[in-house]
Amino acid sequence: MRLNRLKQRIAQKEGVVNGWLSMPCAFSAEIMAHQGWDSLTIDMQHGVIDYSDLLPMLTAISTTDTVPLVRVPSLEPGLIMKVLDAGAYGVIAPLINTADDARALVAACRYPPLGMRSFGPHRAMLYGGADYAKHANDEMLVLGMIETREGVANLEAILAVEGLDGIYIGPADLALSHGHTPGFDHGDGPMDSLIGDIVARARQQGSVVGIHNGSAAHARRMLARGCDLVTVGADTRLLVTGAQAVLKEMERSANHGEGY
């Protein structure tokens, strides 16, 4: 079976740089994959992507060594199983608030005896190999999002769930649930302290820690603080910032009287 390079990198204490895909387009997914990201997460929760979009995007990513992940919209087990059968090598699930939530996530992602995942990995075997079913429980990366007060309060119980690789911190909803303005990079304020505490508690349990970031500088800082996987750079945001940079440069040229 094709090994999960993310799990290998994490085991070797190498940071993983993850990109984010919100647009339902296989071509843009392929372009992003060819830039050299360690992994790309297809966002089915807040992105405008459904299952019919997902399959060609996974196929496009598989033209490279970039590892395909999917953020699912909920704990609905049928969809989680279909995402894995389509060839995702990891799942990020939102709103994991209790140990029961974590157990439900694991159950949908793992074959028996660890879970209840049904057998039918048609495209997953094309991508992962004919012996996919034998090794899938070891190779799939399963992360639950911690993004509420309840999730923080139940963190140790969540981390203790067998089959859960770790957590993915959602700073925007975490801030919102604590009465702060939603955002990704929180400077040196109370949210930064809370996130640091979550990272430290997860590291004490030997769990994988991922986090969303608004800038490369913050992502580097989070790697230094013990995170294993940092998301920095979404297709939509990169499109916006790239276009804005070009237009700003052209505006400066026009203001300086430069002609054709």
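Is helix 5 mostly covered or mostly uncovered, and how many of its eleven residues are buried?

1. **What you're looking at.** This is a predicted model, where local features need pLDDT of at least 70, side-chain atom pairs count only at pLDDT 80 or more, and totals for chains, interfaces and linings use all residues. Residues are numbered from 1 along each chain as its sequence is written, and side-chain values use heavy atoms, with hydrogens and water left out.

2. **The overall build.** You'll find 13 helices and eight strands in the chain. These are DSSP runs numbered from the N terminus (helices are H or I with at least four residues, strands are E with at least two). The C-alpha trace spans about 70 × 45 × 30 Å along its principal axes.

3. Eight strands close into a barrel in the order 1-2-3-4-5-6-7-8, with parallel pairing. From one strand to the next, the twist averages 25 degrees. Strands count as paired if DSSP finds at least two bridges between them. Take strand 6 (residues 166-169) and strand 7 (residues 208-212): they pair in the parallel sense over four bridges, and Gly 166 has Val 208 as its bridge partner in strand 7.

4. **Helix 3 on the sheet.** Helix 3 (residues 51-61) packs on the sheet and touches strand 1, strand 2 and strand 3, and its direction makes about 175 degrees with that of strand 2. A contact here means heavy atoms within 4.5 Å. The angles run from 0 to 180 degrees between N-to-C directions, using axes fitted to C-alpha atoms, for helices over the stretch in contact.

5. **Back to helix 5.** Helix 5 is mostly covered, with eight of its eleven residues buried. Buried means under 20% relative accessible area, exposed means over 50%, and partly exposed is in between (1.4 Å probe, protein chains only). The buried ones are Ala 99, Asp 101, Ala 102, Leu 105, Val 106, Ala 107, Ala 108 and Cys 109. Their cover includes helix 4, strand 4, helix 7, strand 5 and helix 9. Helix 5 also lies across strand 4 and strand 5, running at about 155 degrees to strand 5.

6. **Helix 4.** The buried residues of helix 4 (residues 77-85) include Leu 79, Ile 80 and Val 83. Among the elements that helix 4's buried residues pack against are helix 3, helix 5 and helix 7. After helix 4 comes Gly 87, with a positive phi near 115 degrees.

7. **The core.** The largest nonpolar core has 76 residues, and Ile 42, Val 83, Leu 105, Ile 167, Ile 169 and Ile 198 touch the most other members. Such a core is a set of buried Ala, Val, Leu, Ile, Met, Phe, Trp, Tyr and Cys residues joined through side-chain atoms within 4.5 Å. Not counting residues up to four places away in sequence, Ile 42 touches Leu 21, Leu 54 and Met 57, among others.

8. **A loop residue to check.** Leu 95 lies in the loop between strand 4 and helix 5. Leu 95 is partly exposed, with a relative accessible area of 42%. Leaving out residues up to four places away in sequence, Leu 95 touches Asp 101, Met 145, Glu 147 and Thr 148.
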